[in-house]
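User: I'm new to this and would like to learn how to read aromatic rings in a protein model. Could you walk me through it?

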Amino acid sequence: MIIPVYQPLGSSSHRLAADIGAQRQEKATHTGTLDPMAEGVLVVLTGEDRFQKSVYSKWPKVYEFSILWGLTTDTDDSLGLLTASPASWHKLPPTNHLAKQLQTLLPKFLGEQEQQVHAFSARRWQGQSSFDFARRGEPIPKKTRTISLSSFALIHTDTLPLATISEEFSHRLTLVSGDWRQQEIAETWKVLNTTHQTDSLPRTFFRVHCSHGTYIRQLAHDLTQKLSLPGIVWNLKRIQNGPYTLADTEQVK
């Protein structure tokens with residue numbers, strides 16, 4: 001059976017699939033992991049459909065995500081050690097200038113390309129996820145995969161006050177279960193609380209239609225590198241997985 005469910009922020013794709021399997025008293029798997037700081041459509045498979053996972057996993061995906069400019073972390077999202085200095089914020093262009101730069105740059109990402117697999121990812125190496133190696137500072141062989149973007153659009157821009165950023169970050173961290181270095185991460189983010197709270201950082205929202213295997217955090221990293229500006233993924237939602245959209249999903253109790 002194919003079961004599209006909504007994965008909420010902070011949860012685990014593997015745990016959701018396991019919970020559905022337990023409720024139905026049968027084995028269950030899913031067709032593609034969402035990060036703890038991501039949400040949206042997760043396709044769970046039970047019964048005979050489990051044996052078609054390799055087929056269903058190749059469905060194209062659609063994501064909406066935002067980049068919060070001015071911050072960097074080792075994971076390229078908010079579940080990472082904060083490494084950017086507020087001293088660099090004066091280098092950020094006005095939001096309208098940033099939007100113009102992005103409109104020029106985004107078409108260059110369309111089509112087939114080789115994307116490096118992010119160090120903090122679910123990729124397996126020697127029986128462990130690469131995230132486990134990355135957080136211990138242990139390198140593993142770099143790997144690329146062929147991906148394709150059919151559409152990549154800037155859909156909205158705004159700014160976020162530092163007070164809001166700090167509040168949202170703290171809330172998100174409470175949603176994440178398991179060992180993701182939460183205490184260590186929280187310590188590095190305290191710098192936001194000592195910075196002038198009237199400051200705001202620009203945020204840009206995107207929608208991307210992509211092939212399976214595309215890492216949005218890596219895509220965002222590559223985009224920020226092209227502009228030579230600091231930035232991290234702040235919001236990330238998978239709005240479609242193959243034929244299934246948000247409207248098709250059910251909540252897992």
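Analyst: Let's go through ring pairs, charges over rings and one threonine.
This is a predicted model, where local features need pLDDT of at least 70, side-chain atom pairs count only at pLDDT 80 or more, and totals for chains, interfaces and linings use all residues. Residues are numbered from 1 along each chain as its sequence is written, and side-chain values use heavy atoms, with hydrogens and water left out.

User: How many aromatic pairs does the structure hold?

Analyst: A pair of aromatic rings is described by the distance of the centres and the angle of the planes. Rings of Phe, Tyr and Trp (its six-membered ring) pair if their centres lie within 6.5 Å; planes under 30 degrees apart are stacked, over 60 edge-to-face, and the rest tilted. Here you'll find eight such pairs. Take W59 and Y244: the centres are 5.8 Å apart and the planes are at 55 degrees, so this pair is tilted.

User: Which parts does that pair tie together?

Analyst: Helices (H or I, at least four residues) and strands (E, at least two) are DSSP runs, numbered from the N terminus. W59 is in the loop between helix 2 (53-56) and strand 4 (61-69), while Y244 belongs to strand 11 (residues 244-245), so the pair joins parts 185 residues apart in sequence.

User: What does the pair of F169 and W189 look like?

Analyst: That one is stacked, with 4.1 Å from centre to centre and 5 degrees between the planes. F169 sits in helix 5 (residues 162-175) and W189 in helix 6 (residues 182-189), so parts 20 residues apart in sequence are tied together.

User: Is F169 buried or exposed?

Analyst: Buried means under 20% relative accessible area, exposed over 50%, and partly exposed in between (1.4 Å probe, protein chains only). F169 has 6%, so it's buried. W189 is buried too, at 2%.

User: Where does the charged end of R50 sit?

Analyst: A charge sits over a ring if NZ of Lys or CZ of Arg is within 6 Å of the ring centre and within 35 degrees of the ring normal. R50 has its charged end over the ring of F51, 4.8 Å from the centre. Likewise, R172 lies over the face of W234, 4.1 Å from the ring centre.

User: And what is T73 in contact with?

Analyst: Contact means heavy atoms within 4.5 Å. Leaving aside neighbours within four places in sequence, T73 touches several residues, including W189 and I232. T73 itself is in the loop between strand 4 and helix 3 (95-105).
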